[in-house]
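Subject: Structure for you, with notes on the domain interface

Hi,

Here is the structure I promised to pass on. My notes on how its parts meet follow below.

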Amino acid sequence: MNSTDMPRPKPGVLDIAAYVPGRETAHGVAKVYKLSSNESPLGPSPKVAEAIAARSANLAIYPDGSAHVLREAIGRAYGLNPGNILCGNGSDELLGLLCQTYLGPGDEGLFTEHGFLVYKIQIMAAGATPVTVADNDDLNADVDRILAAVTERTKLVFLANPNNPTGTYVPVNEVKRLHAALPRHVILVLDAAYAEYVRRNDYEAGIELVSASPNVVMTRTFSKIHGLAGLRIGWMYAHEAIIDACNRVRGPFNVNALAIVAGAAAIGDREHVERAVEHNEAWLGRVSEGLQALGLSVTPSVGNFVLVHFPTTPGKTAAEADEYLCARGYVLRRVSGYGLPDALRMTIGEAEANLGVLEALREFMAQAS
Ligand SMILES: *Cc1c(COP(=O)(O)O)cnc(C)c1O
């Protein structure tokens, strides 16, 4: 058999570098603290388990393909028209759906240098050309550079705001300036996976901009503040024309029955969300300062994670720190794939985990090299 007899994926597919998720576990330690995927240390609202138990009695029945109950609950929580909401199997699915719906060969999708890796994968999966835009020296997205990279072939511009893995954010006036200067045929996708954590007066997730424009999409997730990463629930808010187009392309039952009821229960429990925000508030500054006190530099973060930069001196590198921490049960995230080989990303975890990482890194930095 020679290779021409083999089934071949469409052009571009084999050029995709598959997404590598955060490490899940460490071996040979009594307890593992997973701080690699920005999951909530508080877990989901207790109301979620009740909702799942009730729907579990009825698993032979298909879910509601329009996820009506979930869209209503999201609409109530944010004061939005459920007709402008589309739910997905995680926001990852929605990012892919936007690419499948709006991009084809010859089109370009833009994203930033240290932006979320899923954009590039999904742009390429749609057969389109991925275009990377350089960030500024603070590792933040640069609106002027994004605008300079737009061509008549550009169809989608992805901006994670706040960005993962840097924790940086683009202020609302800059997002508005970006949108105002984009051609009308370009969709600006604002990925606001960490919006709930942000405590800044000059930040907006994108609701206002979507409401006023036919070419802006905001995506959100239940994987972070709501503690439901395992169930896979995301949503997007956009003009009816975009929702309509994506509805034609998506799978008919793309959100499963348990996810629909769980998401509705989670978003209705404001107190639980508030607890998660307060936990992050209490620890984000403390962890950032603790790391800096060890001589490490930390990119200022508004999310539930921090990007920590290590020296390149042998014995003190990010890769060695990662091994050292893993051997003690602290699983952080290497971010070489994001062009940041000298950094690790740490999710803000439970108190014990946060203090444990600080203590382990204190020992690591004090070792003779
Ligand atoms: C975690 C994350 C998401 C969420 O993805 P889900 O598929 O909803 O779990 C989306 N965008 C960014 C930037 C993220 O970090």
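In this model, 27 residues of domain 1 are in contact with 29 residues of domain 2, where contact means heavy atoms within 4.5 Å. This is a predicted model, so local features need pLDDT of at least 70 and side-chain atom pairs count only at pLDDT 80 or more, while totals for chains, interfaces and linings use all residues. Residues are numbered from 1 along each chain as its sequence is written, and side-chain values use heavy atoms, with hydrogens and water left out.

Domain 1 covers 20-43 + 271-368 and domain 2 covers 46-268; the bounds come from an automatic or database domain assignment. Their centres, taken over C-alpha atoms, are 26 Å apart.

Together the two domains bury about 2100 Å², with 66% of it on carbon and sulfur atoms. Buried area here is the accessible area (1.4 Å probe) that two parts lose on being put together, summed over both. On the domain 1 side, V302, F305 and Y338 lose the most area to domain 2, together 33% of what that side buries.

The elements giving two or more residues to the side of domain 1 that touches domain 2 are α10 (270-293), β10 (305-309) and β13 (340-347), with helices (H or I, at least four residues) and strands (E, at least two) being DSSP runs numbered from the N terminus. The largest share, 7 residues, comes from α10.

Happy browsing!
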